[in-house]
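Come along as I go through them one at a time.

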Amino acid sequence: QVQLVESGGGLVQPGGSLRLSCAASGSIISINYMGWYRQAPGKERELVATITRGGSTMYSDSVKGRFTISRDNAKNTVYLQMNSLKPGDTAVYSCNADGVKTGWGTFGAYWGQGTQVTVSS
């Protein structure tokens, strides 16, 4: 059984930094795609950043230049380094894994439970 667990959220002042982690566990052979999404109250869930197994990355325009996504394939873990945080970044951040290869096949749409990030002075 595959499970994703996020950590690293919290309260930070504008201009500060946080580092989020998401570790995938289970009988995993490899993960092709991992990403971070966020959702604020009353708003739709939006893409933040994605990274493939080969290291190709994509960012939303709102975070480009401030956030950096990375991964450790050996640990099946994805990270999100968030710098120059703004109040508008306040949201629940969730990680996603797709193309998860196990002994039974390749599956997608795995989600973590989310971690709260609050940016406020």
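**Entry 1: salt bridges.** I searched the whole structure and found three salt bridges, counting a side-chain nitrogen of Lys or Arg within 4 Å of a carboxyl oxygen of Asp or Glu. A note before I go on: this is a predicted model, where local features need pLDDT of at least 70 and side-chain atom pairs count only at pLDDT 80 or more, while totals for chains, interfaces and linings use all residues. Residues are numbered from 1 along each chain as its sequence is written, and side-chain values use heavy atoms, with hydrogens and water left out.

I began with Arg 38, which forms a salt bridge with Glu 46, their closest N and O atoms being 2.7 Å apart. Arg 38 also meets Asp 89 in a salt bridge, at 3.0 Å from N to O. Arg 38 lies in strand β4 and Asp 89 in the loop between β8 and β9, so this pair ties together parts that are 51 residues apart in sequence. My strands are DSSP runs (E, at least two residues), numbered from the N terminus.

Asp 89 has a salt bridge with Arg 66 as well, at 2.8 Å from N to O. Arg 66 sits in the loop between β6 (57–59) and β7, and Asp 89 in the loop between β8 and β9, so here the parts tied together are 23 residues apart in sequence.

**Entry 2: buried or exposed?** I used relative accessible area: buried is under 20%, exposed over 50%, and partly exposed in between (1.4 Å probe, protein chains only). Arg 38 counts as buried because its value is 5%. Asp 89, at 2%, is buried, and Arg 66 is buried at 11%. Glu 46 is partly exposed, at 33%.

**Entry 3: the disulfide.** How many disulfides does a search of the whole structure find? I found one, taking a pair of cysteine sulfur atoms within 2.5 Å as the test. Cys 22 is joined to Cys 95, with 1.8 Å from S to S. The two are 73 residues apart, Cys 22 in strand β3 and Cys 95 in strand β9, and the pair links distant parts of the chain. Cys 22 is buried, at 0% relative accessibility, and Cys 95 is buried at 0% too.

**Entry 4: an open sheet.** I traced four strands in the order β1-β3-β8-β7, with antiparallel pairing; strands pair if DSSP finds at least two bridges between them. β1 (3–7) and β7 stand at the edges with a single partner strand each, so one side of each has no neighbour in the sheet. β1 and β3 are joined by five bridges, and Leu 4 stands opposite Ala 24 in β3. β3 and β8 are joined by six bridges. Cys 22 turns up again here, with Val 78 in β8 as its bridge partner.

**Entry 5: the core.** The largest nonpolar core has 29 residues, and among those touching the most other members are Trp 36, Phe 67 and Met 82. Such a core is a set of buried Ala, Val, Leu, Ile, Met, Phe, Trp, Tyr and Cys residues joined through side-chain atoms within 4.5 Å. β9 gives the largest share, five residues. Beyond its neighbours within four places in sequence, Met 82 is in contact (heavy atoms within 4.5 Å) with residues including Leu 20, Arg 66, Tyr 93 and Val 117.
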